[in-house]
Amino acid sequence: MKARALITLAAVLSLAAVPAIASEYTKGKVKKVDMKANKVTIIHEELKNLDMPAMTMVFVTKDEAMLEKLKEGQSIEFVADRVNGKLTVLEVK
């Protein structure tokens, strides 16, 4: 019984790790930073993981520190995904 539980747990954990591995950076340009609303507007290339074409979109950021590093007109590469139903920037380089 314990072996079956461990196998199930291992399977669940391995599936949970897949999205992190599949992260793909997308090129974009920061159009606007809204510190009060914790949002950033990005003109971006296709977001393959979200099945979205190139466009301009508003995102929230994973944390405020990330938002503080972004400047209007800055070229970036970023990872975005849906978090609690909101389009969220998870990583920036």
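1. Strand 2 and strand 3 pair in the antiparallel sense over 6 bridges. Two strands count as paired if DSSP finds at least two bridges between them. Helices (H or I, at least four residues) and strands (E, at least two) are DSSP runs numbered from the N terminus. Along this pairing, Ile-42 has Met-57 in strand 3 as its bridge partner, Ile-43 has Thr-56, and His-44 stands opposite Met-55.

2. On the basis of the model: this is a predicted structure, in which local features need pLDDT of at least 70 and side-chain atom pairs count only at pLDDT 80 or more, while totals for chains, interfaces and linings use all residues. Residues are numbered from 1 along each chain as its sequence is written, and side-chain values use heavy atoms, with hydrogens and water left out.

3. The protein has 2 helices and 5 strands, and along the sequence they follow the pattern α-β-β-β-α-β-β. The strands form a closed barrel in the order 1-2-3-5-4, with mixed pairing. Neighbouring strands of this sheet are turned by 55 degrees against each other on average, direction ignored. For such angles, axes are lines fitted to C-alpha atoms (for helices, over the stretch in contact), and the angles run from 0 to 180 degrees between N-to-C directions.

4. Strand 1 also pairs with strand 2, antiparallel, through 6 bridges. One of the partner pairs is Lys-32 with Thr-41 in strand 2. The hairpin of strand 1 and strand 2 has 4 residues between the strands, and Asn-38 there takes a positive phi near 55 degrees. Strand 3 and strand 5, by contrast, run parallel and are joined by 2 bridges. Thr-61 has Val-89 in strand 5 as its bridge partner.

5. The largest nonpolar core has 17 residues. Such a core is a set of buried Ala, Val, Leu, Ile, Met, Phe, Trp, Tyr and Cys residues joined through side-chain atoms within 4.5 Å. Those with the most contacts inside it are Val-40, Ile-42, Leu-47, Phe-59, Leu-70, Phe-78 and Val-89. Two or more residues each come from strand 1 (26–34), strand 2 (39–44), strand 3 (55–61), helix 2 (64–68), strand 4 (75–83) and strand 5 (86–92). Strand 4 gives the most, with 3 residues.

6. Which residues does Leu-47 touch, not counting those up to four places away in sequence? They are Thr-26, Met-52, Met-57, Phe-59 and Phe-78. Contact here means heavy atoms within 4.5 Å.

7. His-44 lies in strand 2 and is buried, with a relative accessible area of 4%. Buried means under 20% relative accessible area, exposed over 50%, and partly exposed in between (1.4 Å probe, protein chains only). Beyond four places in sequence, His-44 touches Thr-26, Lys-27, Gly-28, Pro-53, Ala-54, Met-55, Met-57, Phe-59 and Phe-78.

8. Val-79, in strand 4, counts as buried at 4% relative accessibility. Val-79 and Tyr-25 are 54 residues apart in sequence, with their C-alpha atoms 5.0 Å apart in space. Tyr-25 is one of the residues that Val-79 touches outside four places in sequence; the others are Ser-23, Glu-24, Thr-88, Val-89, Leu-90 and Glu-91.

9. Thr-88 is in strand 5 and is buried, with a relative accessible area of 5%. A polar atom of the Thr-88 side chain lies 3.0 Å from the backbone oxygen of Lys-86. A polar contact is a pair of N or O atoms within 3.5 Å; within protein, one must be able to donate a hydrogen and the other to accept it, and residues adjacent in sequence count only if both atoms are side-chain atoms. Leaving aside neighbours within four places, Thr-88 is in contact with Phe-59, Val-60, Thr-61, Lys-62, Val-79, Ala-80, Asp-81 and Val-83.

10. Overall figures: buried residues make up 27% of the 93 residues. Of the contacts between residues at least 6 apart in sequence, 49% join residues at least 24 apart. The accessible surface comes to about 6600 Å², and 58% of that belongs to carbon and sulfur atoms. Accessible areas come from the Shrake-Rupley method with a 1.4 Å probe; for residues, only the protein chains shown count as cover.
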